[in-house]
Amino acid sequence: MAINTLTLAQNMTDALEKVIVQKPVTGFFADNALQAKFVGANTVLIPDMDMSGLGDYDRDTGFVQGSVTIGRTPYTLSMDRGRTFQIDAQDEDESGIPSLAGEVSGEFVRTKVCPEIDAYCLSKLAGFAAGKSQTVSAEGELTEDVYNMFLRAVSKAQAAVGYDEELVCFVDATVYDALQASPAFERHIAVNEFKKGDLNLTVRSINGVAILPVPDSRMKTAYDFLDGTTSGQTDGGFAPTGAAKSIGMLVCPKRAASLVRKTDTVRIFEPSKNPNADAWKIDYRVYYDLLLKKSMQDGIVAYTY
């Protein structure tokens with residue numbers, strides 16, 4: 001592969017990594033860096049620390065001996081996803097491939113990869129909350145109770161993780177519409193900055209809790225992630241399972257999880273290096289998972305319907 005093609009692939013990988021952080025609604029989870037160590041092909045070790053609490057100081061014997069246990073918990077990454085595309089050599093002149101390759105890859109990441117990452121992350125968070133019965137429900141009509149339901153969800157999260165922890169609230173279209181129709185919402189809404197990667201976004205918030213609207217297709221409790229080869233799955237992508245519920249509201253600490261990526265790579269092969277066709281070949285692979293932080297798990301609260 002020519003050196004300029006290698007450079008193009010590296011530059012595209014760097015650019016698409018930024019898109020992975022900035023474009024998905026859940027992209028800020030990538031900001032929650034872990035001191036993770038990869039071992040083998042699909043396992044990451046996350047440091048855990050446990051220690052004794054305070055004891056009484058004795059003026060004769062001094063300090064009470066405490067203990068510190070430091071270990072690494074293994075987690076297996078579950079999402080190893082990829083696609084390859086070909087662009088016929090005649091579709092581009094000698095100088096045009098960087099533009100078209102970048103356009104194809106960028107559109108693929110924006111329209112296919114980012115929605116799937118959102119769907120996976122949000123379904124995992126909501127599934128955890130439902131499994132632990134960390135849920136809220138509407139008391140009566142949603143349009144009348146939605147604001148109070150939001151307050152109940154926030155209160156549950158704060159009681160678990162503390163009142164100084166930054167929270168976020170993901171909402172689907174139904175809940176977002178109900179919130180916007182609520183007079184209480186309009187009285188208490190504010191505009192705040194929200195950091196995601198290198199971006200400082202402006203979002204609507206209530207009592208400092210960012211309200212993040214999410215397309216309905218990404219707000220389900222369970223998905224099938226299609227393999228791209230089996231009959232009926234050749235288009236790839238993702239689809240809600242038959243038993244999936246809608247996630248109307250999901251409140252959690254901003255630091256509740258970490259989006260860990262081992263691989264996020266673009267490879268570009270010139271037509272002369274492609275054994276299958278007289279075409280440019282573009283490979284994209286992302287290998288990732290969302291890891292929930294033990295200290296924040298009790299602060300994940302969901303409303304599903």
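Where is Ala89 found? Ala89 sits in the loop between strand 4 (79–88) and helix 2 (97–131). This is a predicted model: local features need pLDDT of at least 70, side-chain atom pairs count only at pLDDT 80 or more, and totals for chains, interfaces and linings use all residues. Residues are numbered from 1 along each chain as its sequence is written, and side-chain values use heavy atoms, with hydrogens and water left out.

**Overall make-up**

- The protein has 5 helices and 14 strands. Both are DSSP runs numbered from the N terminus: helices are H or I with at least four residues, strands are E with at least two.
- Of the 305 residues, 45% count as buried. Buried means under 20% relative accessible area, exposed means over 50%, and partly exposed lies in between (1.4 Å probe, protein chains only).
- Among contacts with a separation of 6 or more, 74% are between residues 24 or more positions apart. A contact means heavy atoms within 4.5 Å.
- The accessible surface of the protein is about 16,000 Å². Carbon and sulfur atoms hold 49% of that surface. The areas come from the Shrake-Rupley method with a 1.4 Å probe; for residues, only the protein chains shown count as cover.

**Cysteines**

- The structure holds 0 disulfides. The criterion is a pair of cysteine sulfur atoms within 2.5 Å.
- Cys169 is in no disulfide. Its nearest cysteine sulfur belongs to Cys252, 9.0 Å away.
- Cys169 is buried, at 0% relative accessibility.
- Cys121 is also buried, at 0% relative accessibility.

**Helix 4**

- Helix 4 covers residues 173–180. Its buried residues are Val175, Tyr176, Ala178 and Leu179.
- Seen down the helix axis, these buried residues fall within an arc of 160 degrees, so they line one face of helix 4. The arc is taken over the directions from the helix axis to the C-beta atoms.
- At the start of helix 4, a side-chain oxygen of Asp172 comes to within 3.3 Å of the backbone nitrogen of Thr174.

**Strand 11 and its partners**

- Strand 11 (residues 247–253) is largely enclosed by the rest of the structure, because 7 of its 7 residues are buried.
- Strand 5 (residues 167–171) pairs with strand 11 in the antiparallel sense, over 5 bridges. Strands pair if DSSP finds at least two bridges between them.
- Leu167 stands opposite Pro253 of strand 11.
- Strand 14 (residues 301–304) also pairs with strand 11 in the antiparallel sense, over 4 bridges. Here Leu250 stands opposite Ala302 of strand 14.

- Strand 6 (residues 189–196) and strand 7 (residues 199–206) run antiparallel and are joined by 8 bridges.
- Ala190 has Ser205 of strand 7 as its bridge partner.
- The hairpin has 2 residues between the strands. Gly197 takes a positive phi near 65 degrees in this hairpin.

- Lys281 lies in strand 13 (residues 279–292).
- Lys281 is buried, with a relative accessible area of 18%.
- The side chains of Lys281 and Asp283 make a polar contact of 2.7 Å. A polar contact is a pair of N or O atoms within 3.5 Å; within protein, one must be able to donate a hydrogen and the other to accept it, and residues adjacent in sequence count only if both atoms are side-chain atoms.
- A polar contact of 3.2 Å joins the side chains of Lys281 and Thr84.
- Beyond its neighbours within four places in sequence, Lys281 is in contact with Thr84, Phe85, Gln86, Arg267, Ile268, Phe269 and Asn274.

**Loop residues**

- Ala89 is buried, at 16% relative accessibility.
- Leaving aside neighbours within four places in sequence, Ala89 is in contact with Pro271, Asp278, Ala279 and Trp280.
- Ala89 and Ser272 are 183 residues apart in sequence, yet 9.7 Å apart in space, C-alpha to C-alpha.
- Most residues other than glycine have a negative phi.
- Ser133 is not a glycine but has a positive phi of about 55 degrees. Ser133 lies in the loop between helix 2 and helix 3 (142–161), and is exposed at a relative accessible area of 57%.
- Asn207 is not a glycine either, and has a positive phi of about 50 degrees. Asn207 is in the loop between strand 7 and strand 8 (209–213), and is exposed at a relative accessible area of 59%.
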